[in-house]
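Keep the viewer open and follow along.

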Amino acid sequence: MSSTRELNESTHAEGQESPLLELLNGFIVELRLAGLPVSLTESLDAMEAVSHIPIEDRDAFKYALGATLVKNYSHWKSFEVVFEVYFSIRGSEYEIQENELENLTGDEVGETEYQQGEAPSGGGAMSGLSPEELQEMLFRALLNGDQAMLRLLARQSVIRYAGMEPGRPVGGTYYLYRTLRNLDLDSMLDRLMDQSREQALSDLTQLEERLEQDEYKNRIEELKKQIESEIRRSLVADRGVEAMARTLRKPLPEDVDFMHASREEMANLRRSLYPLTRKLAARLARRRKYGRRGPLDFRKTIRHSLSYGGVPAEPKFKYPRPSKPEIMVVADISGSVAAFARFTLHLLYAISSQFSKVRSFVFIDGLDEVTRFLEGVEDIGEAVHRVNTEADVVWVDGHSDYGHAFGVFWEKYGKDIGPKTTVLILGDARNNYHASQSWILKEAHHKARKLYWLNPEPRAYWDTGDSILGEYATYCDGAYEVRNLRQLEAFIEKLV
Amino acid sequence: MLVVIIFLEDEAFLKDTLIQVDYRFEDVAGVRSGLSDVSYLADDGIAGIVYLADRLAKPVLIEGPAGTGKTQLAKSVAEMSGARLIRLQCYEGLDESKALYEWNYKKQLLRIQAENETRDWNEIEDDLFSEDFLLSRPLLEAIRAEEPVVLLIDEVDRVEIETEALLLEILSEYQVSIPELGTVVGNQVPLVFLTSNGTRELSEALKRRCLYLYIDYPDLEREREIINAKIPGMDENLADQIARIVRSIRQLDLKKHPSVSETLDWAKTLLLLGIEKIDADVATETANVLLKYRSDIEKATKEFADNPDSIEEAEEEGAA
């Protein structure tokens, strides 16, 4: 309580050039280059924030920057990478490690019956170890969950196995692969499990075994992360901060292309889908209570006037009933959009859990209604599996035929399209040169409230080759390129 | 460059207008120990950001999965600093008359009727829009309070994006503009916490004004400490086992992962049942405390059960 706010006359705001400020500036520029939206206000906040935090405290420093610069949790990972690149060499981490090393060589290493006379700097203390001894130390450290030791060993294994050479133009993943291959962590897990089985007094129950295994897996995962950041640190030292930051730049989750999403990215996408569909629900049922007033409610106004002595001071209005949106989603799940189709199915599932009246259809060259698979099913994996195996979507050869699929749709379900129905079509409109049957969309457009087409292909590819989106799009209320979450969100915004 | 200068001047102006207040917290460690005294176990990130919020005089926006102690943090900070907690629960359709202020129509009307004969209309009109007829709602109350205050704006993602704008003035300048009265400048800069469950993206304008804190599920170590701190008389080994099982369950692909509060419920249940060591049977029987969807319970029991029989038993029990 010694200082007051007044004391905090921000010296940094006057543009004094200090090394820290310069560093921060570079850091913020790199964040922007990585795609994070950092505003001017936020960068000023960050500068003020670090003046309250001792820079030696790396964790606190990181949180201070994170809290002021990153306002979206899905961006946190990108932030962490940039942070590590920028502050890895400058941080005091190395010194800490050396101190730890001195302490460790005293007690911990002695435990593994390894005696080292002196404690030179860096990872040198261990350079005399044979590979077997290193493995043994790793095993012990994993068994005891010894964090400091693991960090040290990670460093040593990188020095020993990654085979890093200055100036060699290979990515960090290559070094990571080499290091991990030499450490052989899979058999390490087996050894660890054997050890804890031995240690246990009685037989482990399956539950206990499972818990042990999860624990060791976590520790190994932790070790992998240590190795990864160790490699990154060495690369930064070799190539310089800017170059390294550039190679590590990855798209933010909302910019990941559906068509080329990796497994991990896909899992992230799925998680972000639910909030989006909730938003979609809100947009489609837009006649909500708030802001839209219906006709005067006479009874209610009179009743309220009683508390104002009979003066109708506060007119009351009837609320319009929110209309229940009916949605029909027609999705292409053929091979040409396979990656998108996986995403589509999740989208379908998410949509059908938000709306009461959703009917879902999937097609390749035949078309089938899949509402029954998605409704009331609690496990998305199962639902997707059933759609993929049970839906009757192949008519002749399993190559997409939009014309025929629309034909079936119109014949069987066309009568269900009403003035309240919104029809969403998801697909790339690559028709394999079959007949387009676009008159069906024209008719559907007349009957439905709105008809939208969402295409996972870049706009530049539309109407090239066998894509006939242009022909279909004439009859839609809109055709949109939807290749990532950002675009999907933009589409939902447009629905208003 | 021009923009920068204007902004800085703005901020300097702001600092002058604010009443000088002593900082509430000495350092990060102090925040952390203070919070643990009121049995809220903060990690370094949480404590650090609470400390910064005080130093920078900025609100904190807290996001994270449900049941990880977002609201509790605000309550605990209030308790630890001995401040009054003012809470604004957000909901769809919240408007300024519920959040900021409202004119007391009834009192105004009585006033008009009482003075109708004797006084000039202009005089009455002046009186009508004075502080006597102003009803303070939580936001206005928070900045006008004399004693230290912690303001909690709960579940801010529930209001419409248009309503968010109501918060902007108070969050950045700690003042409220009332057309009839002018600007009401606060007596103090309260600590402000906003929580959001992330059902929708908050506006950039709001985020820009806040420090951002994401509270995730705690790691093993912290969860164990939380169990021990919140439930007195808990066996250390049992707490450890609980924390480990919960962590393993969170790694499964479930509809809803168990929150910290559900972990605590489960721990209490086990304590009441007098269980000293969790085996698969106990876990399957009490899984419904931890997991709230049938499909999740089935998945978890399948993963952890010793043999398929016990699943069937559990299912029969569930059916019965």
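## H6 and H7 of chain B

Helix H6 (residues 105-115) of chain B and helix H7 (residues 121-128) of chain B cross at roughly 155 degrees, and an angle over 145 counts as roughly antiparallel, so that is the label for H6(B) and H7(B). This is a predicted model, by the way. The axes of H6(B) and H7(B) come within 11 Å, and H6(B) passes H7(B) in a right-handed crossing.

Which residues do the touching? On the H6(B) side they are Gln108(B), Arg111(B), Ile112(B) and Glu115(B), and they meet Ile124(B), Asp127(B) and Leu128(B) in H7(B). Sorted by class, the contact of H6(B) with H7(B) comes out at 3 nonpolar, 1 polar and 3 charged residues.

## Two other helix pairs in chain B

Next up are helix H13 (residues 260-272) and helix H14 (residues 280-290), both of chain B, whose axes are 8 Å apart at an angle of about 140 degrees. H13(B) and H14(B) are therefore oblique to each other, and H13(B) passes H14(B) in a right-handed crossing. From H13(B), Glu262(B), Asp265(B), Trp266(B), Thr269(B) and Leu270(B) meet Thr286(B), Val289(B) and Leu290(B) of H14(B). The tally for the contact of H13(B) with H14(B) is 4 nonpolar, 2 polar and 2 charged.

Then there's helix H2 (residues 28-37) of chain B against helix H3 (residues 44-56) of chain B, with an angle of about 115 degrees and axes 8 Å apart. That makes H2(B) roughly perpendicular to H3(B), and the crossing of H2(B) and H3(B) is right-handed. H2(B) brings Val28(B), Val31(B), Arg32(B) and Leu35(B) to the contact, while H3(B) supplies Ala47(B), Gly48(B), Val50(B) and Tyr51(B). By class, the contact of H2(B) with H3(B) has 6 nonpolar, 1 polar and 1 charged.

## The chain B sheet

Chain B has an open sheet of 5 strands with parallel pairing, in the order S2-S5-S8-S1-S9. Strand S2 (84-89) and strand S9 (211-214) of chain B are the edge strands, and each pairs on one side only. From one strand to the next, the twist averages 20 degrees.

Zooming in, strand S1 (residues 60-63) and strand S8 (residues 191-196) of chain B run parallel and are joined by 4 bridges. Val60(B) stands opposite Phe193(B) in S8(B). What packs on the sheet? That would be helix H4 (residues 70-81) of chain B, touching S1, S2, strand S5 (149-154) and S8 of chain B. The direction of H4(B) makes about 170 degrees with that of S5(B).

## The chain A sheet

Over in chain A, 6 strands form an open sheet with mixed pairing, ordered S3-S2-S1-S4-S5-S6. Strand S3 (367-369) and strand S6 (478-481) of chain A each have a single partner strand, so one side of each has no neighbour in the sheet. Direction ignored, neighbouring strands of this sheet are turned by 20 degrees against each other on average.

Strand S4 (residues 421-426) and strand S5 (residues 450-455) of chain A run parallel, joined by 5 bridges. Here Leu424(A) stands opposite Tyr452(A) in S5(A). Helix H18 (residues 402-413) of chain A packs on the sheet and touches strand S1 (326-332), strand S2 (357-363) and S3 of chain A. The direction of H18(A) makes about 40 degrees with that of S3(A).

The model scores ipTM 0.78 and pTM 0.74. Chain B has a mean pLDDT of 81, with 88% of its residues at 70 or more. Residues 1-20 of chain B stay under 50, and the model has 12 contacts for them beyond four places in sequence. Residues 307-320 of chain B are also below 50, with 10 contacts beyond near neighbours in sequence.

Chain A averages 75, and 79% of the residues score at least 70. Among its elements, helix H2 (residues 40-51) of chain A has the highest mean pLDDT (89), and helix H6 (residues 108-111) of chain A the lowest (39). In chain A, pLDDT stays under 50 over residues 1-16, a stretch with 17 contacts beyond four places in sequence. It is also below 50 over residues 91-124 of chain A, with 36 contacts beyond near neighbours in sequence.

Conventions:
Residues are numbered from 1 along each chain as its sequence is written. Chains are lettered from A and ligands numbered from 1 in the order in which they are written. This is a predicted model: local features need pLDDT of at least 70, side-chain atom pairs count only at pLDDT 80 or more; totals for chains, interfaces and linings use all residues. pLDDT is the predictor's confidence in each residue, from 0 to 100. Two residues are in contact if their C-beta atoms, placed from the backbone, lie within 7 Å. Two strands pair if DSSP finds at least two bridges between them. Axes are lines fitted to C-alpha atoms, for helices over the stretch in contact, and angles run from 0 to 180 degrees between N-to-C directions. Angles under 35 degrees count as roughly parallel, over 145 as roughly antiparallel, 65 to 115 as roughly perpendicular and the rest as oblique. A crossing is left-handed if the near helix is turned anticlockwise from the far one by less than a right angle, and right-handed if clockwise. Ala, Val, Leu, Ile, Met, Phe, Trp, Tyr, Cys and Pro count as nonpolar, Asp, Glu, Lys and Arg as charged, and the others, Gly among them, as polar.
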